Amino acid sequence: LPDRPGATMRERLSEHSREECRGCHALMDDVGLAFERYDHLGRFRTTEHDRPIDTAGTLRGAESATPFVDTFALIDTLAASREARECFVLRSFE
């Protein structure tokens, strides 16, 4: 990611909207941004560079694209997803 002083992680990740990056990052970035309220040490925070952290996004690649507003809503969405539960079980026993 480019170093843009004062830019939030969401702003820095917007660099991935270029065509050659978009395919994978459309699936991953929102999930990662849902956890942005936790810093690299796991401490809770509500701002980044004195600006509110936006944790809303859309879970893509499951049964359907499902919007979520924060980390807890993402977790609830994953817990309710049959596809996610099956994936977890299969990966746990590989």
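# Legends for close-up views of a predicted model

**View 1. Salt bridges in the whole chain.** A search of the whole structure, a predicted model, finds 7 salt bridges, a salt bridge being a side-chain nitrogen of Lys or Arg within 4 Å of a carboxyl oxygen of Asp or Glu. Local features need pLDDT of at least 70 and side-chain atom pairs pLDDT 80 or more, while totals for chains, interfaces and linings use all residues. Residues are numbered from 1 along each chain as its sequence is written, and side-chain values use heavy atoms, without hydrogens and water.

**View 2. The protein chain and its elements.** The protein chain has 4 helices and 4 strands, where helices (H or I, at least four residues) and strands (E, at least two) are DSSP runs numbered from the N terminus. Along the sequence the pattern is α-α-β-β-β-β-α-α. The C-alpha trace spans about 40 × 35 × 25 Å along its principal axes. Of the 94 residues, 24% count as buried; buried means under 20% relative accessible area, exposed over 50%, and partly exposed in between (1.4 Å probe, protein chains only).

**View 3. Salt bridge between Arg60 and Asp30.** The side chains of Arg60 and Asp30 meet in a salt bridge, at 3.3 Å from N to O. This pair links distant parts of the chain, 30 residues apart: Arg60 is in the loop between strand 3 (57–59) and strand 4 (66–68), and Asp30 is in helix 2. Asp30 is buried because its relative accessible area is 14%. Arg60, at 36% relative accessibility, counts as partly exposed.

View 4. The largest pocket holds about 180 Å³ of space. A pocket is an open set of points on a 1 Å grid over the protein atoms alone, where a 1.4 Å probe fits, with protein on both sides within 12 Å along at least five of seven lines; lining residues have an atom within 4 Å of a point. Grid points are joined across faces, edges and corners, and the volume is the space filled by probe spheres set on the points. Residues of the lining include Arg10, His16, Arg22, Asp29, Asp30 and Arg60. Helix 1 (9–13) and helix 2 (19–33) are the elements that give two or more residues to the lining, and helix 2 has the largest share, 6 residues. By class the lining has 3 nonpolar, 4 polar and 5 charged residues. In this classing Ala, Val, Leu, Ile, Met, Phe, Trp, Tyr, Cys and Pro count as nonpolar, Asp, Glu, Lys and Arg as charged, and the others, Gly among them, as polar.

**View 5. Salt bridge between Arg45 and Glu36.** The side chains of Arg45 and Glu36 form a salt bridge with an N to O distance of 3.0 Å. Glu36 counts as buried at 14% relative accessibility, whereas Arg45 is partly exposed at 23%.

View 6. Glu86 forms a salt bridge with Arg82, with the closest N and O atoms 3.0 Å apart. Both residues lie in helix 4 (residues 82–92), 4 residues apart, about one turn of the helix. Arg82 is exposed, with a relative accessible area of 56%, and Glu86 is partly exposed at 39%.

**View 7. Nonpolar surface patch.** Phe35, Phe72 and Ile75 form a nonpolar patch on the surface, with about 310 Å² of accessible area together. Patches are made of residues with over 30% relative accessible area and no salt bridge; like charges are joined within 9 Å, and nonpolar side chains (Val, Leu, Ile, Met, Phe, Trp, Tyr) within 5 Å. Accessible areas come from the Shrake-Rupley method with a 1.4 Å probe, and for residues only the protein chains shown count as cover. Ile75 lies in helix 3 (residues 71–80) and is partly exposed at 42% relative accessibility.
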